[in-house]
Each structure stands twice: as C-alpha cells, then as structure tokens.
Amino acid sequence: VVFRTRDGGNSWEAISPDLTRESWEMPPSVGIYAPLDPEKGKHRGVVYALAPSPKDGNLIWAGTDDGLIHVTRDGGKTWKDVTPKALTPWSKVSQLEASRFDASVAYAAINRFRLDDIRPHAYRTRDGGATWEEIVRGIPEGCVVNAVREDPKRKGLLFASTERGVYVSFDDGERWQSLRLNLPASSVRAG
C-alpha cells in the first residue's frame, strides 16, 4: 500500500488498497526454489516505485515489483490499474517518472531479470495511462533499463540509466543514443 504523512512523518495513513498482484504462477527461472515459497506465489509484491506529479498534487503513479502500475488522480481516494498490456508477473517496475510538463505523461523503467530477460524495457504514456508504448529504440540488447528521467527544463529530453551505462533521447524516447563515450561499462541505477 501507499502511505502519506501530513505532519513530517510523526504519523502515517494508508491512501491505497493493496496494489500488488493477488497471485501468479512461478516462472521457470525460479527453478528449484519454487517449492520453498510458503505463500505459493500469493501476496509477495511490494509498491516499489512512486512518482507524484509536479503538475498536479493529487496525481500519483505507483509501480510494483510484481509488474503492475496504478494511478490516482484524487490524492489516493481511488486508484486505477493502468498496467501496460505487455507487463507480466515478475516484471519489476523499477522506477516511474511523472512529467514536469504534462500531467498525462509518465515514464516507466521495467526490470525483468527474474524472468531471465535482459532486454531493455521502458514505457511512455501520453494519455494518463490509457495506452503505453515501449520506448527503447537505440538501447542495445543486454542494457536493462533501471530508470528513465526527464530533464527538468527541456521538454522531450530524457535520460535512461541501464546496466551498462547512460543513454539520452532528444525526442521524448523515440530514439536513444549512448552517453558512455570513454567511460567503462557500469551499472547505473539512478537517473
């Protein structure tokens, strides 16, 4: 669930229901560990990423480590599942970014290591989560995307941190290019 404080952290209140999957099948990648799961795949997810909108104080995006994205437009009174159709259980929403320029735009970085998938996955919505499109053209295979961040001053300028370095897009994620230059390949986790 998502919690809110109105007194600097002295007290907290839940502002969402459970936003994770109720259950799912264990993927083959879990292998020999599947029988050791006492919950048998039920109630294992957590809210892993939050993105409050800089444009609207009542708009919050929430992503889980079991592959769901929800949004609230009324400060947590109601939540809507806006998960991209391509996301499956065991996909981790590793980071969300609410646009500074348009309240209906958000970006999601997806990590699918637990599914033995090391391809890059990042999504963009321009209609408040009704539809999503994958935006990874130019990010090579093996570059798992850890975060997508929007430049605070220049609309359409995005940065993606990956398991092998940082990428930049000058056209809102349509095409990416490496910023690595002569830096060694390294995992970048923040945007």
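Two strands are said to pair if DSSP finds at least two bridges between them. Strands themselves are DSSP runs of E with at least two residues, and helices are runs of H or I with at least four residues, both numbered from the N terminus. By the pairing rule, strand S13 and strand S14 (residues 177–178) are joined by two bridges and run antiparallel.

The model is predicted: local features need pLDDT of at least 70, side-chain atom pairs count only at pLDDT 80 or more, and totals for chains, interfaces and linings use all residues. Residues are numbered from 1 along each chain as its sequence is written, and side-chain values use heavy atoms, with hydrogens and water left out.

**Overall form**

- The protein has 14 strands and zero helices.
- For 191 residues, a compact globule would have a radius of gyration near 16 Å, and the 17 Å of the protein agrees with this; the radius is taken over C-alpha atoms, and the globule rule is 2.2 Å times the number of residues to the power 0.38.
- Along the principal axes, the C-alpha atoms fill a box of roughly 45 × 45 × 35 Å.
- Of the 191 residues, 47% are buried, where buried means under 20% relative accessible area, exposed over 50% and partly exposed in between (1.4 Å probe, protein chains only).
- Among contacts (heavy atoms within 4.5 Å) with a separation of 6 or more, 44% are between residues 24 or more positions apart.

**Strand pairing**

- Four strands form an open sheet in the order S7-S8-S9-S10, with antiparallel pairing.
- S7 and S10 are the edge strands of this sheet, each pairing on one side only.
- Within the sheet, four bridges connect S8 and S9 in the antiparallel sense, and Tyr107 has Arg124 in S9 as its bridge partner.
- Strand S12 (residues 158–162) pairs with strand S13 (residues 166–169) through four bridges, also in the antiparallel sense.
- S12 and S13 form a hairpin with three residues between them, and Gly165 in the turn has a positive phi of about 150°.
- Tyr167 is the bridge partner in S13 of Ala160, and Tyr167 also has a bridge partner in S14, namely Ser178.

**Nonpolar cores and the aromatic pair**

- A nonpolar core is a set of buried Ala, Val, Leu, Ile, Met, Phe, Trp, Tyr and Cys residues joined through side-chain atoms within 4.5 Å.
- The largest such core has 16 residues, of which Trp61, Ile69, Val93, Leu96, Ala108 and Trp132 touch the most other members.
- Strand S3 (47–52), strand S5 (69–72), strand S7 (92–98) and S8 each give two or more residues to this core.
- Another core, of 14 residues, lies apart from it and includes Ala109, Ala122, Leu158 and Trp176.
- One aromatic pair is found in the whole structure; rings of Phe, Tyr and Trp (its six-membered ring) pair if their centres lie within 6.5 Å, with planes under 30 degrees apart counted as stacked, over 60 as edge-to-face and the rest as tilted.
- The ring centres of Trp61 and Trp132 are 5.9 Å apart and their planes lie at 80°, so this pair is edge-to-face.
- Trp61 is in strand S4 (residues 60–64) and Trp132 in the loop between S9 and strand S10 (133–134), 71 residues apart.
- Trp61 counts as buried at 1% relative accessibility, and Trp132 is buried at 15%.

**The loop at Asp117**

- Asp117 lies in the loop between strand S8 (106–111) and strand S9 (122–125), and counts as buried at 5% relative accessibility.
- Its side chain makes a polar contact of 2.9 Å with the side chain of Arg119; such a contact is a pair of N or O atoms within 3.5 Å, where within protein one must be able to donate a hydrogen and the other to accept it, and residues adjacent in sequence count only if both atoms are side-chain atoms.
- Leaving aside neighbours within four places in sequence, Asp117 is in contact with Arg112 and Val144.
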